[in-house]
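Work through the exercises below with the sequence and the 3D view open. Try each task before reading its solution.

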Amino acid sequence: MKSFSLLDAARLTSPNPLSLVCSRTPSGGVNLATVSWWTYMSLEPEIIGFAMMKTSYTGELVRGGSEVVLTIPGKALAKQVMQCGTVSGRNRDKARDFAVELKTLPDCDIQIPVHSVVALHCALREFVDVGDHYLYICDVKQAYGDENEVPLFAWKGYAKIAGARPE
Ligand SMILES: Cc1cc2nc3c(=O)[nH]c(=O)nc-3n(C[C@H](O)[C@H](O)[C@H](O)COP(=O)(O)O)c2cc1C
């Protein structure tokens, strides 16, 4: 075996998981950020985690607001997932600028994209300092799913977005 960086390893493990993390902005809108580093962590209680760069706007919003919805984007969102992963929402409204149609979940004031496969409405339990990222550990308040949507994954490391079987 060759010596590899973690980013090289991520290329070899493609396709990697993919999510759009939805957080509430101070003006009542939603910020959307593409996050590959998320995982299921516990079933009883139901806990998930995701890691984001310390500088991300999403992280700031989640640390300040305590609730977040982690969604798994369906195939119709491939273009927007890449766009939401290349610019920060600190100074722009990504949902509006990238024409992401939004919908609401019951008892949740954070909107999510139409064409989500899964939505995990979560409350922040704690965040942990992990090098250049924070790991956000979240209790799942309610999970939702749509079996008609086909999930997207990150390919070639994080350079391409496609289904589990790329065309
Ligand atoms: C395919 C893909 C996967 C990504 N995965 C992550 C990730 O796991 N963690 C992270 O911090 N940023 C990740 N990013 C980058 C963020 O989405 C990007 O920094 C974004 O601008 C953050 O937005 P925000 O500042 O509005 O939160 C990924 C980007 C792409 C395109």
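P45 is found in the loop between β3 (38–43) and β4. Helices (H or I, at least four residues) and strands (E, at least two) are DSSP runs, numbered from the N terminus. Residues are numbered from 1 along each chain as its sequence is written. This is a predicted model, where local features need pLDDT of at least 70, side-chain atom pairs count only at pLDDT 80 or more, and totals for chains, interfaces and linings use all residues; side-chain values use heavy atoms, with hydrogens and water left out.

**Exercise 1. Find two cis peptide bonds and place their prolines.**

Step 1. Go to E44 and P45. The peptide bond that joins them is cis, with omega about 0°.

Step 2. Go to S14 and P15. This peptide bond is also cis, and its omega is near 5°.

**Exercise 2. Describe the shell around the ligand.**

Step 1. Sort them by class. Ala, Val, Leu, Ile, Met, Phe, Trp, Tyr, Cys and Pro count as nonpolar; Asp, Glu, Lys and Arg count as charged; the others, Gly among them, count as polar.

**Exercise 3. Find polar contacts of the ligand (pairs of N or O atoms within 3.5 Å).**

Step 1. Start at T58. One of its polar side-chain atoms is 2.6 Å from an oxygen atom of the ligand.

Step 2. Turn to N31. An N or O atom in its side chain lies 2.9 Å from a ligand oxygen.

Step 3. Check W37. Here a backbone N or O atom is 2.9 Å from an oxygen atom of the ligand.

**Exercise 4. Where does the ligand sit?**

Step 1. Name the site. The ligand sits in the largest pocket.

Step 2. Give its volume. The largest pocket has about 680 Å³.

Step 3. Sort its lining. The classes are 19 nonpolar, 11 polar and one charged.

Key. Polar contact = N/O pair within 3.5 Å; in protein donor to acceptor, adjacent residues only side chain to side chain. 1 Å grid on protein atoms, 1.4 Å probe; cavity = no way out; pocket = protein on both sides within 12 Å on 5 of 7 lines; lining within 4 Å. Sits in = over half its atoms within 2 Å of the grid points. Points joined across faces, edges and corners; volume = space filled by probe spheres on them.
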